[in-house]
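Hi,

Here is the structure I promised to pass on. Have a look at it first, and then read my notes below.

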Amino acid sequence: MQITAAALWLNTVFAGFDQSVTLAVHKLYELAGGVLTPFMELISLMGKGGIFLICLSLFLIFFKKTRRFGTAMLLGLAIGALCTNLFLKVVIARPRPYADTGSIFYQLWSMMGQHLESDKSFPSGHTTSAFAAMVPLFLLGNKRVSWLALVFAFLMGLSRIYLVVHYPSDVLGGLIVGTVAGILAVLIAKKLPGKWYELNFFKKERD
């Protein structure tokens, strides 16, 4: 199987890290007796195509009190998608961990239900979108509760390792790209005209 030089570099440099972390995460499966699997599958499903996060962003945009959150989240998702899906995944083209049928990753993947993914592995798109959306929510929200947004983002990354559809280094890459995208989105959102945040989408037109 031919792979790009960038993918080969990732496989070589992060070989020990990827295997150690994957085996450590797999201990959760062993300790819980598989009870966590449906939960991890649900978390992973919430990141598929970014649909859930996009819908959440649009919902928040509809209301003036939450528009700044939704706007920054949507911007973060857009920036993250451009960087990840249209550039990094295409250029690096790293195969999924289960692509090597003779590896420990394939064995664990088979055990976890053989969830198939259609695109390349690095960086994790699910993790990118989760952090791209949740970092703005954390930065702009009340820190006493907004830290829960980061918990969701970390769980998303963990679920991808747990299901063995990504190497841990893919998730780390998604965390970095998503965090940067989220920060940029907050900076852009703060520069938008104030009129955008004062619009009332529910106000009826007068005759």
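Asp18, Arg94 and Asp170 are linked in a network of salt bridges (a salt bridge is a side-chain nitrogen of Lys or Arg within 4 Å of a carboxyl oxygen of Asp or Glu). Before going on, a word on the source: this is a predicted model, where local features need pLDDT of at least 70, side-chain atom pairs count only at pLDDT 80 or more, and totals for chains, interfaces and linings use all residues. Residues are numbered from 1 along each chain as its sequence is written, and side-chain values use heavy atoms, with hydrogens and water left out.

The side chains of Asp170 and Arg94 meet at 2.8 Å, N to O. This pair links distant parts of the chain, with Asp170 in helix α9 and Arg94 in the loop between α5 and α6, 76 residues apart. Helices here (H or I, at least four residues) and strands (E, at least two) are DSSP runs, numbered from the N terminus. Are Asp170 and Arg94 buried or exposed? Asp170 is buried, with a relative accessible area of 0%, and Arg94 counts as buried at 0% too. For these labels, buried means under 20% relative accessible area, exposed over 50%, and partly exposed in between (1.4 Å probe, protein chains only).

A search of the whole structure finds six salt bridges. One of them joins Glu117 and Arg160, whose closest N and O atoms are 3.0 Å apart. Here as well distant parts are linked: Glu117 sits in the loop between α6 and α7, Arg160 in helix α8, and 43 residues separate them. Arg160 counts as buried, at 1% relative accessibility. Another salt bridge is between Glu30 and Lys27 (3.5 Å, N to O). Both of these residues lie in helix α2, three residues apart, or about one turn of the helix. Glu30 is partly exposed at 46%, and Lys27 is partly exposed at 47%.

Now the overall picture. How many helices and strands are there in the chain? There are ten helices and zero strands. The C-alpha trace spans about 70 × 40 × 30 Å along its principal axes, and buried residues make up 43% of the 207 residues. Of the contacts (heavy atoms within 4.5 Å) with a separation of 6 or more, 80% are between residues 24 or more positions apart. As for confidence, the mean pLDDT (the predictor's confidence in each residue, from 0 to 100) is 93, and 97% of residues reach 70 or more.

On to the inside. In soluble globular proteins, nonpolar side chains tend to be buried together. A nonpolar core is a set of buried Ala, Val, Leu, Ile, Met, Phe, Trp, Tyr and Cys residues joined through side-chain atoms within 4.5 Å. The largest one has 21 residues, of which Leu53, Ala133, Met134 and Phe152 touch the most other members. Helices α4, α5, α7, α8 and α9 each supply at least two residues of this core, and α7 gives the most, with six. Apart from this core lies another, of 14 residues, including Trp109 and Tyr167.

Ser57 lies in helix α4 and is buried, at 0%. Leaving aside neighbours within four places in sequence, Ser57 is in contact with Gly70, Met73, Leu74 and Leu77. Ala181 lies in helix α9 and is buried at 1%.

The chain exposes about 11,300 Å², and carbon and sulfur atoms supply 70% of that; accessible areas come from the Shrake-Rupley method with a 1.4 Å probe, and for residues only the protein chains shown count as cover. There is also a nonpolar surface patch of about 810 Å², with Phe17, Leu139 and Leu187 among its residues. Patches are made of residues with over 30% relative accessible area and no salt bridge: like charges are joined within 9 Å, nonpolar side chains (Val, Leu, Ile, Met, Phe, Trp, Tyr) within 5 Å. Helix α9 brings the largest share of the patch, seven residues, and Leu187 is in that helix.

Cheers
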